[in-house]
Structure formats: structure tokens, C-alpha cells
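I opened the notebook to record what I looked up here. The entries follow in the order I made them.

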Amino acid sequence: MRRGLRFVPPALLLLTLLELAVFVLVGRAVGFGAALLLVFAASLLGLVLLRREGMRAWRGFRSAAQAGQPPGPQVTDGLVGLAGALLLALPGLVSGAVGLLLLVPPLRRLAGGGVRRATERRVSSMVAGDLFGPRRVRVYPGAPQPAPTPTAQRPAEPPQPGPAIEGEIVDR
């Protein structure tokens, strides 16, 4: 079993308990019927958005593929939108609120950047280049380039920042 998967069942239990606690608190504040109606309305909205976000993601992927551009940005945006709609469709006020937040454009871009970084860490540089295009890097001219060292050793001091030169890395 993978190292991180052993935390999934306790996390799901805690999420369920949190959802129940929030539902009880909201039910006491606005009434049980209103809280139940709120959960059903959020789930219905999530189901409608799930279809819309799925179609939007597919169209973005197809248009990028047909234009010969890397489909990664459209895929990550689509995945974040689908995750937001799915969380909104799940019955629960906490998951609905998180799902609604993932559909807000600035937070969606922020989450998409996180998905991109996580994907780039887990796949080879060639696959990441195919998905997201060339990587953008900064090179500081005049800064000493450290010689390759084993991972146990680190350079004595980091290079001092100076004017940056932006470039692209293309692995082929």
C-alpha cells in the first residue's frame, strides 16, 4: 500500500463528521428544512455544473489539440472545474462551499497552478513539456553555476540575484 493512502479512511471519516457538525449547526441556525433545502439545491447546481464543466473541458482540450498547442493548461483548468462541480454535487455544506470556491476564476487559476506543479513533479520532463509546453526559467548572468554535487551535499551559499534572463527549456 502506498504511504499516503493509509490516511484516506481517517480523512474521509473526519470529513463526514465535519459535514454532519456543520449541517447540525446550520440546521439550528436557519431550521432543519431550510438546511436540507440548501443541501439539495447545492447538489442540484453541482449536477448541472458537472455537465457544463465537462463539456467546457472537452472543448478546450480539443481546440488546443487541433491548434497544435500543449493541452495542459486546458486540462488542468477542466480538472479543477470538474472537481469543483463534483464537490458541489456531493451532499454536504462544507464540500459544496469548497466546490463553489473552486469555480471562482481567481481561485480556479490558483488551484490549476497547483495541479500543474504537482503534475510536473510526478511525470518526466518530456511528458511535462508535451503537456504544458516549454518550461520558463530564470538564469542570472554572472552568478556562479554550482558544479553537480550529490544530493546529500549542498552548495555553500546560493547565487546572488541579479538581472534575470528568461528562457525556455525544450527537451527533445
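I call a residue buried under 20% relative accessible area, exposed over 50% and partly exposed in between (1.4 Å probe, protein chains only). I note that this is a predicted model, where local features need pLDDT of at least 70, side-chain atom pairs count only at pLDDT 80 or more, and totals for chains, interfaces and linings use all residues. Residues are numbered from 1 along each chain as its sequence is written, and side-chain values use heavy atoms, with hydrogens and water left out.

Entry on helix H5. I take helices as DSSP runs (H or I, at least four residues), numbered from the N terminus. Which residues of H5 are buried? I found Arg 108, Gly 112, Gly 113 and Glu 120. Down the axis of H5, these buried residues fall within an arc of 140 degrees, so they line one face of the helix; the arc is that of the directions from the helix axis to the C-beta atoms. Leu 110, Arg 121 and Arg 122 are exposed on the other side of H5.

Entry on the core. A nonpolar core is a set of buried Ala, Val, Leu, Ile, Met, Phe, Trp, Tyr and Cys residues joined through side-chain atoms within 4.5 Å. The largest one has five residues: Ala 42, Leu 49, Ala 85, Leu 88 and Leu 103. Helix H2 (32-67) and helix H3 (72-89) each give two or more residues to this core. I then listed the contacts (heavy atoms within 4.5 Å) of Leu 49: leaving aside neighbours within four places in sequence, Leu 49 touches Ala 85, Leu 88 and Leu 103.

Last entry. I looked up Phe 32, which is exposed, with a relative accessible area of 55%.
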